[in-house]
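Biologist: I'd like to go through this model with you. Can you put it up?

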Amino acid sequence: MTSATSDDTGVGTASWEVAAREFAAWRAGDRAALDRLVRLLTPVLWHLVRAYGLDRESAEDVVQTTWMALVRNVDSVRDPQAVLRWTTTTARREAWRTARLGRRVDVAEPQTLDAALPPVGGPDSTVLAERTARTLWRHIAQLPERCQRLLRVIAFEDRPDYASLSTELGIAVGSIGPTRGRCLDKLRGLLAADPEWSDQRD
Amino acid sequence: MTDDVTLLRAVHDMYDTMDPPPADLADRVLFTLQLEDLEFELMRLEEALQPAGARGPETASTVTFSAESLTVMVTVSDSGPHRRRIDGWIAPGGALRVELRTPRGVHETQADADGRFAFAEVPSGLVQIMIHPTTGAEVPLHRPVVTPPVQL
């Protein structure tokens, strides 16, 4: 697994500047920039929305709805630098709302998901990556639901808006940081106790 | 011990491997955003029925979409090589104007009083159905309703 570059404090940092640039270009009349913006951020939105437990169809609906909301309310994004946060926060809020309405929440167990995956094959590096992913998936599935959700959100959104996250996770704003630390520690503990994990990582 | 950033990166890569976004999701989003007027209600895919054991040219599948005020059941069947036929049924029934958006243009028809409509000879690719408020139709719609784009 590659290590983080030094100027990268998280995973999503690379994209907010690009997103801001594309958004500004689109606002200035470059239609193709919207195309690039959608292709850049749609995978991020997908993972954020899936963190709320929606099934795949509902998750797709929420991603579509988020982009429609951006185009309809484009004037509410005054600063292009805010476009990443605007879309991610809108997507999470909509996902949370949809999940609360009780619509088709996905309770897929890792095993069923495992079965849906193509058989492991291909180059050695791919095999290793998949094996690593499966191991990690198995351990994350043992964490409390709140931890699973929080970790998936922060793995795809570098600095999520804490106010909305607080509502969605049902914890105080001041507890998000400590909760994040505890969740990561729990995961580290599970991984450390798994010889298979250290084998794969060495 | 793995530091936070490395661990979160592993979590990121894991979800990308185990639960990736549908490959054409961005294409479908962009297909919808091409609509000039976004003042419509996006329908939700309620259920997708897999082809019921059928194989070969008779393969058909049915999907249901719902909006606040109506649902539409759509059956897609083969009508030739790379050609599909779409049969739709709007409920409650009404003689509503129906548009089918395809990458190659828009087809238009009107549902009958029972809400049934059809498009023969639809090329494969992304399509999207748009149902418009229609004067004289029994079903009052305040704004158009649009299905998410689906691959034929």
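Biologist: Is B:Phe119 buried or exposed?

Modeller: B:Phe119 counts as buried, at 6% relative accessibility. Buried means under 20% relative accessible area, exposed over 50%, and partly exposed in between, with a 1.4 Å probe and protein chains only. This is a predicted model: local features need pLDDT of at least 70, side-chain atom pairs count only at pLDDT 80 or more, and totals for chains, interfaces and linings use all residues. Residues are numbered from 1 along each chain as its sequence is written, chains are lettered from A and ligands numbered from 1 in the order in which they are written, and side-chain values use heavy atoms, leaving out hydrogens and water.

Biologist: How many aromatic pairs are there over all chains?

Modeller: Three. Rings of Phe, Tyr and Trp (its six-membered ring) pair if their centres lie within 6.5 Å; planes under 30 degrees apart are stacked, over 60 edge-to-face, the rest tilted.

Biologist: Which pair crosses between chains?

Modeller: A:Trp137 in helix α6 (residues 124-140) of chain A pairs with B:Tyr15 in helix α1 (residues 4-18) of chain B. Helices here are DSSP runs (H or I, at least four residues), strands are E runs of at least two, and both are numbered from the N terminus. The ring centres are 6.0 Å apart and the planes lie at 70°, so this pair is edge-to-face. A:Trp137 is buried at 13% relative accessibility, and B:Tyr15 is buried at 5%.

Biologist: And what does B:Phe117 pair with?

Modeller: B:Phe119, edge-to-face, with 5.9 Å centre to centre and 70° between the planes. B:Phe117 is buried too, with a relative accessible area of 5%.

Biologist: Back to B:Tyr15. Which charged end sits over the ring?

Modeller: That of A:Arg152, 4.0 Å from the ring centre. The rule takes NZ of Lys or CZ of Arg within 6 Å of the ring centre and within 35 degrees of the ring normal. In chain B, the charged end of B:Arg116 sits over the ring of B:Trp89, 4.0 Å from its centre.

Biologist: New topic. Why is helix α2 of chain B largely enclosed?

Modeller: Eight of its nine residues (25-33) are buried, so the rest of the structure largely encloses α2 of chain B. Among them are B:Leu25, B:Arg28 and B:Phe31.

Biologist: What do the buried residues of α2(B) pack against?

Modeller: From chain A, α2 (31-50) and α3 (56-72); from chain B, β6 (97-102) and β9 (126-132). Contact means heavy atoms within 4.5 Å.
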